[in-house]
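I opened this entry to keep track of what I looked up, going from the whole chain down to single residues.

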Amino acid sequence: MDAIITEESFLDFKCPSCGNPVSFPQDTAGHVQECPNCTESVIVPDDGSEAGRPLPFPLATPRLVLRRFQPGDWKDLLEIVSDEEMFRYGEGRPLGEEEVLGWLETDRHVKLTTANQPFYLGIQLPDGGKLVGYATLSFAEPQRLQAELRVTVGRGRQRTGLATEAVAVLLSFCFDGIALHRVTARCDPRNLAAGRVCDKVGLRREGVFQQDHLLNGEWADTAWYAMLNEEYRAADNAAAPPGAA
Ligand SMILES: CC(C)(COP(=O)(O)OP(=O)(O)OC[C@H]1O[C@@H](n2cnc3c(N)ncnc32)[C@H](O)[C@@H]1OP(=O)(O)O)[C@@H](O)C(=O)NCCC(=O)NCCS
């Protein structure tokens with residue numbers, strides 16, 4: 001029997017970081033890929049452009065700037081993550097100064113496309129203001145079509161809508177910016193603030209896994225939330241490119 005030969009078409013364009021020519025399969029159009037020359041993340045053009053798009057960081061909202069961590073963030077970050085209350089419902093433990101410094105050092109080498117590494121964005125008040133929290137984006141599979149979001153806002157700034165504002169712009173980045181198929185979030189069902197943030201941004205509660213992990217020696221549940229690209233668009237969220245102030 002003759003072999004079936006399928007011809008995959010490729011998109012040829014220039015990396016916006018190093019300027020070298022790159023080529024990716026047609027079905028990666030609009031998604032984030034790693035430049036094989038300089039290893040920077042690049043958004044594959046979906047409009048025939050000669051150059052790929054760089055990641056649109058920082059992301060801006062009316063009250064916040066979401067940007068990569070900087071070495072000088074350590075004090076603000078320590079204030080947030082040394083607080084035991086931040087970890088009441090799991091996902092880590094309070095950190096000390098050395099651990100925060102080590103985290104920031106490791107993070108300097110992480111790119112959005114780095115495999116098996118959470119990608120962090122600091123949540124900062126505008127005009128060089130305080131770092132009040134951070135958000136995490138983790139890809140669920142190597143194709144980078146699905147991601148999980150997490151957000152943390154320090155205790156002194158909670159209940160003023162900052163987490164909701166940060167997650168909303170991250171969803172815009174995920175769906176408008178890098179054309180993800182699906183975004184998820186999870187939390188302990190007792191974490192009412194986290195559940196409420198998910199509700200407010202329109203994430204759909206998909207269900208609760210019963211007693212699926214041990215938390216401080218006791219079995220705890222996980223509530224899962226998700227949004228599909230088509231749901232995001234149906235909700236008429238698609239707007240200006242993320243980060244456009
Ligand atoms: C979850 C978290 C990010 C929320 O941050 P935030 O900036 O306070 O969130 P927002 O102000 O945007 O919204 C919080 C909502 O939860 C509500 N809320 C907060 N605590 C609540 C409680 N104990 N019971 C009921 N509702 C509560 C607030 O009233 C608000 O809803 P509203 O706008 O309808 O009044 C913050 O509490 C946090 O960092 N917690 C620790 C880390 C964590 O659990 N992250 C979530 C992982 S996905």
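**Domains and overall build**

I began with the domains: taken over C-alpha atoms, the centres of domain 1 and domain 2 are 29 Å apart. The contact between them draws on 11 residues of domain 1 and 9 residues of domain 2. Domain 1 runs over 1–54 and domain 2 over 59–234. I note here that this is a predicted model.

For secondary structure I counted 5 helices and 12 strands in the chain. The radius of gyration of the chain is 19 Å, close to the 18 Å that the globule rule gives for 245 residues, so the chain is as compact as a globular protein of that length. I also took the box along the principal axes, and the C-alpha atoms fill roughly 60 × 45 × 35 Å.

**Burial, surface and charge**

I looked up burial next: 42% of the 245 residues in the chain are buried. The chain exposes about 13,500 Å², and 50% of that comes from carbon and sulfur atoms. Of the contacts between residues at least 6 apart in sequence, 54% join residues at least 24 apart.

For charge, I found 24 positive and 36 negative side chains. The centres of these two sets lie 7 Å apart.

**The stretch around Pro58**

I checked the peptide bonds and noted a cis bond joining Phe57 and Pro58, with omega about 5°. Pro58 sits in the loop between β4 and β5 (59–60).

**Asn37**

Which loop holds Asn37? I placed Asn37 between β3 (32–34) and β4 (41–43). Its relative accessible area is 44%, so Asn37 is partly exposed. Cys18 is 19 residues away from Asn37 along the chain, yet their C-alpha atoms are separated by 7.5 Å. Leaving aside neighbours within four places in sequence, I listed Cys18, Asn20, Pro21 and Val22 as the contacts of Asn37.

Is Asp107 buried or exposed? With a relative accessible area of 4%, which is under the 20% cut-off, Asp107 counts as buried. Asp107 belongs to helix α2 (residues 97–107). Beyond its neighbours within four places in sequence, Asp107 is in contact with Arg68, Phe69 and Tyr120.

I then went to Asp188, in the loop between β10 (182–187) and α4 (192–201). Asp188 is also buried, at 5% relative accessibility. With neighbours within four places in sequence set aside, its contacts are Tyr89, Leu215, Ala220 and Asp221. I also checked Asp188 against Asp127: the two are 61 residues apart in sequence and 34 Å apart in space, C-alpha to C-alpha.

I looked for positive phi at residues other than glycine and wrote down two entries. Glu91 has a phi of about 55° and is not a glycine. Glu91 lies in the loop between α1 (74–81) and α2. At 44% relative accessibility, I put Glu91 down as partly exposed.

Ala179 has a positive phi of about 50° and is not a glycine either. I located Ala179 in the loop between α3 (162–177) and β10. The relative accessible area of Ala179 is 25%, so this residue is partly exposed.

Note on methods:
Residues numbered from 1 in each chain as written. Predicted model: local features only at pLDDT ≥ 70, side-chain atom pairs only at ≥ 80, totals over all residues. Heavy atoms only, no water. Helix = DSSP H or I, 4+ residues; strand = E, 2+ residues; numbered from the N terminus. Rg over C-alpha atoms; globule rule 2.2 N^0.38 Å. Buried < 20%, exposed > 50% of the residue type's maximum accessible area, 1.4 Å probe, protein only. Contact = heavy atoms within 4.5 Å. Areas by Shrake-Rupley, 256 points an atom, 1.4 Å probe, with all protein chains shown as cover. Lys, Arg positive; Asp, Glu negative; His and termini not counted. Charge placed at Lys NZ, Arg CZ, Asp CG, Glu CD. Domains from an automatic or database assignment.
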